[in-house]
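I opened this notebook to keep a record of what I looked up, entry by entry, for a reader who is new to the structure.

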Amino acid sequence: MHSLQSLKKPIYLIYLPSYFLSFILPIYALKLGSNAIEIGMLFSIFSLFSILMRPFVGRLVDKRGRRTGFIIGLLSYAITRFLFLIGYSYTFIFIARIIQSIAASFCAISVDAMISDVSNIEDRSKNFGEVSQYGNRGSFLGSLIGFTLLFNNIADNPFPIIFGIYFIVSIVAIYFGAR
């Protein structure tokens with residue numbers, strides 16, 4: 001697992017908003033004036049692009065390298081966070097969800113390939129579990145941050161503050177991922 005140590009920080013940081021976004025996305029979309037069909041499309045488009053992108057991403061990661069795929073995923077997540085930060089319409093959220101799906105594809109395939117590459121049969125499951133645990137820990141902390149800011153009425157519209165924090169954290173994740 002020593003060779004996977006460098007994945008822990010960027011995984012922890014990049015997955016910070018994951019659980020919070022899953023919960024808050026419909027509420028945020030409603031706040032921006034979306035209807036039920038549009039909200040459903042936000043979740044469907046993520047799944048559709050995941051299905052379409054993963055074969056392409058897998059080939060690219062095999063040709064260009066796991067690290068390259070991981071960095072592309074981290075950069076894509078940062079773009080997503082930036083769009084959530086500046087976006088005040090359904091269109092921004094829709095585009096962000098497409099890019100988020102691409103980011104998830106790059107990160108998941110690259111990380112899974114890295115874990116498989118350095119693991120032997122005895123510790124493969126342990127390594128997958130340990131890296132996954134860091135993403136879940138980050139998601140838990142991100143939810144704690146997001147809900148704390150949301151429910152403590154720190155501003156009339158706390159979303160730019162929350163998404164700003166997530167964007168800054170994604171930049172830090174890129175830094176640790178590139179190292």
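**Ground rules.** I am working with a predicted model, in which local features need pLDDT of at least 70 and side-chain atom pairs count only at pLDDT 80 or more, while totals for chains, interfaces and linings use all residues. Residues are numbered from 1 along each chain as its sequence is written, and side-chain values use heavy atoms, with hydrogens and water left out.

**Helix α1.** I began with helix α1, residues 5–14, where I noted Leu7, Lys8, Pro10, Ile11, Leu13 and Ile14 as buried; buried means under 20% relative accessible area, exposed over 50%, and partly exposed in between, with a 1.4 Å probe and protein chains only. Helices (H or I, at least four residues) and strands (E, at least two) are DSSP runs, numbered from the N terminus. The buried residues of α1 pack against α4, α5, α6 and α7, and contact here means heavy atoms within 4.5 Å.

**Helices α2 and α7.** Next I looked up how α2 and helix α7 (residues 159–178) lie to each other, and found that their axes come within 13 Å and cross at roughly 145°; axes are lines fitted to C-alpha atoms, for helices over the stretch in contact, and angles run from 0 to 180 degrees between N-to-C directions. On the α2 side I listed Phe20, Leu21, Ile24, Tyr28 and Lys31, which meet Phe159, Ile162, Phe163 and Tyr166 in α7. The residues of this contact divide into eight nonpolar, no polar and one charged, where Ala, Val, Leu, Ile, Met, Phe, Trp, Tyr, Cys and Pro count as nonpolar, Asp, Glu, Lys and Arg as charged, and the others, Gly among them, as polar.

**Aromatic rings.** I then turned to the rings, of which the structure holds 12 aromatic pairs; rings of Phe, Tyr and Trp (its six-membered ring) pair if their centres lie within 6.5 Å, and planes under 30 degrees apart count as stacked, over 60 as edge-to-face and the rest as tilted. One of them is Phe20 with Phe147, edge-to-face at 4.9 Å centre to centre and 75° between the planes. This pair links distant parts of the chain, since Phe20 is in helix α2 (residues 18–31) and Phe147 in helix α6 (residues 124–151), 127 residues apart. Phe20 counts as buried because its relative accessibility is 0%, whereas Phe147, at 21%, is partly exposed. I also noted that Phe20, Phe23, Phe147, Phe151 and Tyr166 form one aromatic cluster.

**Charges over rings.** I found Arg97 over the face of Phe43, 5.2 Å from the ring centre, and Arg137 over the face of Tyr134, at 5.1 Å; the criterion is NZ of Lys or CZ of Arg within 6 Å of the ring centre and within 35 degrees of the ring normal.

**Phe84.** I placed Phe84 in helix α4, residues 66–86, and it counts as buried because its relative accessibility is 2%. Leaving aside neighbours within four places in sequence, Phe84 is in contact with residues including Leu21, Leu25, Tyr28, Arg97 and Phe163. Phe84 and Phe167 are 83 residues apart in sequence and 8.7 Å apart in space, C-alpha to C-alpha.

**Asn153.** Last, I looked at the loop between α6 and α7, where Asn153 is found. Asn153 is not a glycine, yet has a positive phi of about 45°. Most residues other than glycine have a negative phi. Asn153 counts as exposed, because its relative accessibility is 65%.
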